[in-house]
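Biologist: I would like to learn how to read a structure like this one. Could we go through it feature by feature?

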Amino acid sequence: MTQTQLGTALITGASSGIGAVYAEQLARRGYDLILVARNRDRLNALAARITTQTQRNVEVLVLDLNNPDQLALAEAKLRDDATITVLVNNAGVGTHKPLLESDVNSMSQMIGLNVTAPTRLTYAAVPGFVARGQGAVINISSIVAISPEALNGVYGGSKAFMLAFSQSLHHELAAKGVQVQAVLPGATATEFWATGGLPVEHLPAHIVMRAEDLVEAALKGFDRRELVTIPSLHDAQAWPAYEAARQAMAPHLSSNVVADRYQTVH
């Protein structure tokens with residue numbers, strides 16, 4: 001096995017689902033891999049399969065990103081390994097349960113994995129990317145980032161963070177050689193749903209996409225240097241119109257004068 005010209009992709013949540021598919025597809029593209037997840041057996045099996053099929057170098061890091069000490073090990077890897085050119089922030093957890101049926105400690109754990117971990121990993125990776133003049137961050141968000149009523153509010157808020165974080169990173173880093181992409185999956189056929197208490201088999205089949213199709217589409221968006229990729233959105237003009245409306249409003253959001261509608265008596 002030889003080092004790839006493309007460098008190494010570090011993928012979190014890589015033992016199954018979307019993360020495992022990213023690993024397979026990026027290896028086929030020619031990336032070496034660092035796979036991060038908690039399940040050692042699954043990671044080792046995936047790494048062996050990918051190495052056999054693609055002859056790429058695959059390193060396994062068995063880490064719980066909700067554990068600060070173990071998260072720090074992933075951060076150190078991103079800071080110290082100059083071969084890493086892509087960070088895929090995929091690890092995450094969700095639930096469909098509303099506030100009144102949810103445990104607040106579980107919600108705090110969700111924030112840790114969905115928000116704190118990708119933030120710290122990105123902060124670890126980006127300075128090296130900028131210093132080397134190249135690199136990419138792929139953040140797996142969700143359609144609930146723009147449709148928060150669909151599922152649990154903390155989950156939606158965590159994915160809205162990933163979208164806003166990506167947009168801000170792009171604004172800050174695009175001229176420094178760092179590509180940023182936010183991927184907004186809809187319902188996807190993975191273990192995510194069962195883990196959150198709603199098996200995917202209970203969802204209408206017409207809204208559920210295969211993980212392989214999702215990642216293939218997301219990587220096409222990456223190749224096109226899309227900032228936001230929504231593989232299940234068929235109207236190609238819908239997101240640009242949404243984004244144009246947001247940007248048109250932006251210059252008018254702050255003023256030293258109260259808006260007229262709040263100055264009336266009633």
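Biologist: Which residue of S4 does Thr8 stand opposite?

Modeller: Keep in mind that this model is predicted. Strands of a sheet pair through backbone hydrogen bonds, either parallel or antiparallel. Here Thr8 stands opposite Ile84 of S4. The pairing of S1 with S4 is in the parallel sense and runs over 4 bridges.

Biologist: In what order do the strands of the open sheet lie?

Modeller: The order is S3-S2-S1-S4-S5-S6-S7, which makes 7 strands, and the pairing is parallel. S3 and S7 stand at the edges with a single partner strand each, so one side of each has no neighbour in the sheet.

Biologist: How many bridges join S2 to S3?

Modeller: There are 5 bridges between S2 and strand S3, residues 58–62, and the two run parallel.

Biologist: What should I look at in the loop between H2 and S3?

Modeller: Look at Gln55, which is placed in that loop. The phi angle of Gln55 is near 65 degrees, a positive value in a residue other than glycine. Gln55 is partly exposed because its relative accessible area is 46%, and that class covers values between 20% and 50%.

Biologist: Where is Arg225 found?

Modeller: Arg225 is found in the loop between H7 and S7. Phi is positive there too: for Arg225, again a residue other than glycine, phi is near 60 degrees. Arg225 counts as exposed because its relative accessibility is 56%, and the cut-off for exposed is over 50%.

Biologist: Now the inside. In a regular strand, how are the side chains arranged?

Modeller: They alternate between the two faces of the sheet. With that in mind, turn to the nonpolar cores. The largest nonpolar core has 30 residues, and those with the most contacts inside it are Ile11, Tyr22, Leu26, Leu33, Leu35 and Ile138. At least two residues of this core come from each of strand S1 (8–12), helix H1 (17–29), strand S2 (32–37), helix H2 (40–54), strand S4 (84–89), strand S5 (135–140) and helix H7 (211–223). H1 gives the most to this core, with 7 residues.

Biologist: Is Glu24 buried or exposed?

Modeller: Glu24 lies in helix H1. Glu24 is buried because its relative accessible area is 18%, and the cut-off for buried is under 20%. Leaving out residues up to four places away in sequence, Glu24 touches Leu46, Arg49 and Ile50.

Biologist: And is Glu243 buried or exposed?

Modeller: Glu243 has its place in helix H8. Its relative accessibility is 12%, so Glu243 counts as buried. The C-alpha atoms of Glu243 and Val228 are separated by 10.0 Å, and the two residues are 15 residues apart along the chain.

Biologist: How many cavities of 30 Å³ or more does a search of the whole structure find?

Modeller: The search finds 2 cavities of that size. The second largest cavity has a volume of about 40 Å³. Its lining consists of Thr12, Leu65, Asn89, Asn90, Ala91, Leu113, Ala117, Pro118 and Leu121. Helix H4, residues 104–132, supplies the largest share of the lining of this second largest cavity, 4 residues.

Biologist: Pockets come next. What is the volume of the second largest pocket?

Modeller: Its volume is about 340 Å³. The second largest pocket is lined by 15 residues, and of these Glu226, Thr229, Ile230, Pro231 and Leu233 lie nearest its centre. H7, strand S7 (228–229) and helix H8 (238–249) are the elements that give two or more residues to this lining. H7 gives the most to the lining of the second largest pocket, with 3 residues.

Key. Residues are numbered from 1 along each chain as its sequence is written. This is a predicted model: local features need pLDDT of at least 70, side-chain atom pairs count only at pLDDT 80 or more; totals for chains, interfaces and linings use all residues. Side-chain values use heavy atoms; hydrogens and water are left out. A nonpolar core is a set of buried Ala, Val, Leu, Ile, Met, Phe, Trp, Tyr and Cys residues joined through side-chain atoms within 4.5 Å. Buried means under 20% relative accessible area, exposed over 50%, partly exposed in between (1.4 Å probe, protein chains only). Two strands pair if DSSP finds at least two bridges between them. On a 1 Å grid over the protein atoms alone, a cavity is a set of points where a 1.4 Å probe fits but cannot get out, and a pocket is an open set with protein on both sides within 12 Å along at least five of seven lines; lining residues have an atom within 4 Å of a point. Grid points are joined across faces, edges and corners, and a volume is the space filled by probe spheres set on the points. Contact means heavy atoms within 4.5 Å.
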